[in-house]
Amino acid sequence: MKKYRCLMCGYIYDPAVGDQDSGIAPGTAFEDIPDDWICPECGVGKDDFEPVD
C-alpha cells in the first residue's frame, strides 16, 4: 500500500500506521479512507494528497 503526502503541510499518511485519532485503523489503504476524512495536521481534504513514490 502506498503512502500519501499532504500537499499543504507535508503530513504523510502511512497505511501501516493509519490515523487512529480519526478512527482509521492500521492497514487501511488511503483509497479506503472515508471521503470526508481530513488531514490531522492542517485540516485539508483527501483531494489535497498525492502518492509518495
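Cys-9 lies in the loop between S1 and S2, where strands such as these are DSSP runs of type E with at least two residues, helices are DSSP runs of type H or I with at least four residues, and both are numbered from the N terminus. The structure is a predicted model, in which local features need pLDDT of at least 70 and side-chain atom pairs count only at pLDDT 80 or more, while totals for chains, interfaces and linings use all residues. Residues are numbered from 1 along each chain as its sequence is written, and side-chain values use heavy atoms, with hydrogens and water left out.

**The chain as a whole**

The chain holds zero helices and three strands, and reading along the sequence gives the pattern β-β-β. The radius of gyration of the chain is 10 Å, close to the 10 Å that the globule rule gives for 53 residues, so the chain is as compact as a globular protein of that length; this radius is taken over C-alpha atoms, and the rule is 2.2 Å times the number of residues to the power 0.38. Along its principal axes, the C-alpha trace spans about 25 × 25 × 15 Å.

Of the 53 residues in the chain, 32% are buried, a word that here means under 20% relative accessible area, with exposed meaning over 50% and partly exposed lying in between (1.4 Å probe, protein chains only). The accessible surface comes to about 3400 Å², and 46% of it belongs to carbon and sulfur atoms; such areas come from the Shrake-Rupley method with a 1.4 Å probe, and for residues only the protein chains shown count as cover. Among the contacts with a separation of 6 or more, 44% are between residues 24 or more positions apart, where contact means heavy atoms within 4.5 Å.

**The sheet**

The three strands form an open sheet in the order S2-S1-S3, with antiparallel pairing. Strand S2 (12-13) and strand S3 (49-51) stand at the edges, each with a single partner strand, so one side of each is left without a neighbour in the sheet. Two strands are said to pair if DSSP finds at least two bridges between them, and strand S1 (residues 4-6) pairs with S3 in the antiparallel sense over three bridges. Within this pairing, Tyr-4 has Pro-51 in S3 as its bridge partner.

| Residue | Relative accessible area | Class |
|---|---|---|
| Phe-49 | 8% | buried |
| Cys-9 | 38% | partly exposed |
| Pro-26 | 44% | partly exposed |
| Cys-39 | 2% | buried |

Phe-49 belongs to strand S3, and, leaving aside its neighbours within four places in sequence, Phe-49 is in contact with residues including Tyr-4, Tyr-11, Phe-30, Trp-37 and Cys-39. Tyr-13 is 36 residues away from Phe-49 along the chain, yet their C-alpha atoms are separated by 8.9 Å.

Cys-39 is placed in the loop between S2 and S3. When neighbours within four places in sequence are left aside, Cys-39 is in contact with Cys-6, Cys-9, Tyr-11, Val-44 and Phe-49. Between Cys-39 and Gly-10, which are 29 residues apart along the chain, the C-alpha separation is 9.9 Å.

For Cys-9, the contacts beyond four places in sequence are Cys-39, Glu-41 and Cys-42. The C-alpha atom of Cys-9 is separated by 9.2 Å from that of Val-44, a residue 35 positions away along the chain.

Pro-26 also has its place in the loop between S2 and S3, and, with neighbours within four places in sequence left aside, Pro-26 is in contact with Pro-15, Ala-16, Val-17, Gly-18 and Gln-20. Asp-14 is 12 residues from Pro-26 in sequence and 8.5 Å from Pro-26 in space, C-alpha to C-alpha.
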